[in-house]
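Colleague: I would like a close look at one part of this assembly, namely how its copies meet. Please take it step by step.

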There are 4 protein chains.
Amino acid sequence: MNKARLETFSDGVLAIIITIMVLSINVPDKASWTILLKVLPTIFGYALSFVFIGIYWNNHHHLLHAAEKVTASIMWANHNLLFWLSLVPLSTTWMSKTDFQDVAIITYAILLLICGISYTLLTRAIINSLHDKNPLKSVLQKYNFKGVFSIVCYSLSIPAAFWHSYISLGLFTLVAIVWLIPSREIEKKVEEKE
Amino acid sequence: MNKARLETFSDGVLAIIITIMVLSINVPDKASWTILLKVLPTIFGYALSFVFIGIYWNNHHHLLHAAEKVTASIMWANHNLLFWLSLVPLSTTWMSKTDFQDVAIITYAILLLICGISYTLLTRAIINSLHDKNPLKSVLQKYNFKGVFSIVCYSLSIPAAFWHSYISLGLFTLVAIVWLIPSREIEKKVEEKE
Amino acid sequence: MNKARLETFSDGVLAIIITIMVLSINVPDKASWTILLKVLPTIFGYALSFVFIGIYWNNHHHLLHAAEKVTASIMWANHNLLFWLSLVPLSTTWMSKTDFQDVAIITYAILLLICGISYTLLTRAIINSLHDKNPLKSVLQKYNFKGVFSIVCYSLSIPAAFWHSYISLGLFTLVAIVWLIPSREIEKKVEEKE
Amino acid sequence: MNKARLETFSDGVLAIIITIMVLSINVPDKASWTILLKVLPTIFGYALSFVFIGIYWNNHHHLLHAAEKVTASIMWANHNLLFWLSLVPLSTTWMSKTDFQDVAIITYAILLLICGISYTLLTRAIINSLHDKNPLKSVLQKYNFKGVFSIVCYSLSIPAAFWHSYISLGLFTLVAIVWLIPSREIEKKVEEKE
């Protein structure tokens, strides 16, 4: 199994997921500033998911870079992640269509939680496939803490949505910011190895 | 005719097929747990087809890897396969829109049957293009048995749908499981050759 | 300007055009064999356009293979071709939505005519960019006759649609068959050059 | 971070943006020349955006070619540009759906303005990442003038839309023409460097 082809396929699927989301935004039939204002929350929801998929693309790229070979378990862990990510556009649309109601926000949080767990599973599958002497092994295990942090935030955002949906949206934004900070350590180790 | 470009094009088409399926899922206008429950069978249908296309992607990758060159018959057998696979999203949507009625399930089974036959035709086109001394030739001929098994299951699922649609869905799942088991033999031979 | 990147971009656009066409097919809300029969002409229209885009992909691949470099005129001739090809899904949908009425068929014929002319323009742009000593130059000029044949057929299918739309559909099929016959000559010359 | 993978991802997203726009064009249920005439302004809007995305693809290609490495700021400047470009199909549809009303045209102008600024930010991120001795550094800074010209035109098209929407559409076309003129200087310098 070729690593390059798995990357290309994943890139293709991620590029499509990030772009087709825009198709689900309903274009109003009339033009006025009031109508445009009403579309803005939808654009915000789209932007949020765009950033999340963008982050997954970046991290996915670093993660696969660390893999030595593509085993069957890596491949299926990758397909599993792509499946859940492909539901993000749906969940985003539901959130904006229902004016960010708690049920839709909780569903979004649960979906992001499953995506985070799927990413952790992919990380584990790659760790297991690495030789014990590979310096990336320990780095990837440390790297996981970021994933754990996200999973904690997504979990908290579920009960938070019952209290006020803005707290959940705030937690999503917090996760985004944490991931935006580059993981210098893994990059350094990769460079050393090359 | 370049093998890499045929792979890239097929990967692109498969990545789009697997992802656009999600666009056909209707996002409800209101948010409640009851509404979410009603969407779940649709998600199940999507997941089933996601796994099928994923399996085709994997096998297609192994199959093209075995090809020595791209002849006109390989290219058209490949286009033929992609055409039928591109109808899978439609058929999936029909199945979930009609609450898995027998006509829609039979149509889905027939479509998967045609996809299976198209895949067998592509395999044959590749076998015919190989030199007699190529060790992959006999492997690909044995490899075909899996395809034959699928075709038998799809054929059985057609009359089964008249009895009870869940039996057909069970047979689809059985085919998926059989294909998920990696074909160690072809992989080994490919490695030996390289 | 990099030839590989123009190929990748064109492949991406063509893969999307060929696949998104399926999205425009309306999935009926009910399931019965009568309803399935009514969808068949739509599937036929889709299949026809699928073959046409598939042929363009093949020929485009051979054509770009012959190019020595990517000039500005080649790039814009290519973008022009992609633009018209991207309208094929629209025109196909219109044809099937209106039960193959003459106006829709004539529009489809005119669009294919423009695509054929655009392809000829791209061929000319590539011929002009080749060195006089390049053996592909004369081959590409001969190759053009196939394009001329298509343009004649598309032109004939316009008045023919007023008489009977099936004649136009027959002419489209004829063009498809002519293009399906591989152009051995250009392939041979390319091989000699390599 | 790999430059090739960022290019592939951007190419994928741009190919999808340029192609899915066509999906938002409503195909009429009936066929007549009058109906076809009514669709023409929509096709014009699509063509305009097709050219704009095409230009961005060309320039983006030149720009990334000049980059020595992919820093975190380049990557996020690139994602930012892709985000705004992905809204172009929406804005185009709104413009044609509302028969080119001033509010929709102004929104389109503002969006193109933001795209232009995002492109300038990406250019700056790349300039900052270049070594001082790199001959492309001064070229890219000069190259920016074209971007400034666009930004001026987009800005002018906003008040112009209140007067007459055709002036704004004329300004958009002017920007397109200016970008269509190839930037010989940067190409020469790139060739010299290679």
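What percentage of the interface residues of chain A are also interface residues in chain B, and why do the copies meet through different surfaces or the same ones?

Modeller: This is a predicted model, and what follows is computed from it. Only 15% of the interface residues of chain A are also interface residues in chain B, so the copies meet through different surfaces. For chain C set against chain B the corresponding share is only 17%, and there too the copies meet through different surfaces.

The symmetry comes next. In general, two copies of a chain are related by a rotation about an axis and a shift along that axis.

Now the contact between chains C and B. On one side are 23 residues of chain C, and they are in contact with 25 residues of chain B. The elements of chain C that give two or more residues to the side touching chain B are α1 (3-20) and α2 (33-66). By residue type, that side of chain C divides into 15 nonpolar, five polar and three charged residues.

Helix α2 can be examined in chain D. There it covers residues 33-66, which is 34 residues, and at 1.5 Å a residue it should span 50 Å. The C-alpha atoms at its ends are 49 Å apart, which agrees with that expectation. The helix has a kink, however: a bend of about 30° lies at D:Leu40, shortly before the proline D:Pro41.

Along its principal axes, the C-alpha trace of chain A spans about 60 × 35 × 25 Å. Of the 194 residues in chain A, 46% count as buried. Among the contacts in chain A with a separation of 6 or more, 79% come from residues 24 or more positions apart.

Key:
Residues numbered from 1 in each chain as written. Chains lettered and ligands numbered in written order. Predicted model: local features only at pLDDT ≥ 70, side-chain atom pairs only at ≥ 80, totals over all residues. Contact = placed C-beta atoms within 7 Å. Helix = DSSP H or I, 4+ residues; strand = E, 2+ residues; numbered from the N terminus. Expected span 1.5 Å × (residues − 1). Bend = angle between axes of the 7 residues up to and from the residue. Buried ≥ 20, exposed ≤ 12 C-beta atoms within 10 Å, placed from the backbone. Nonpolar A, V, L, I, M, F, W, Y, C, P; charged D, E, K, R; others polar.
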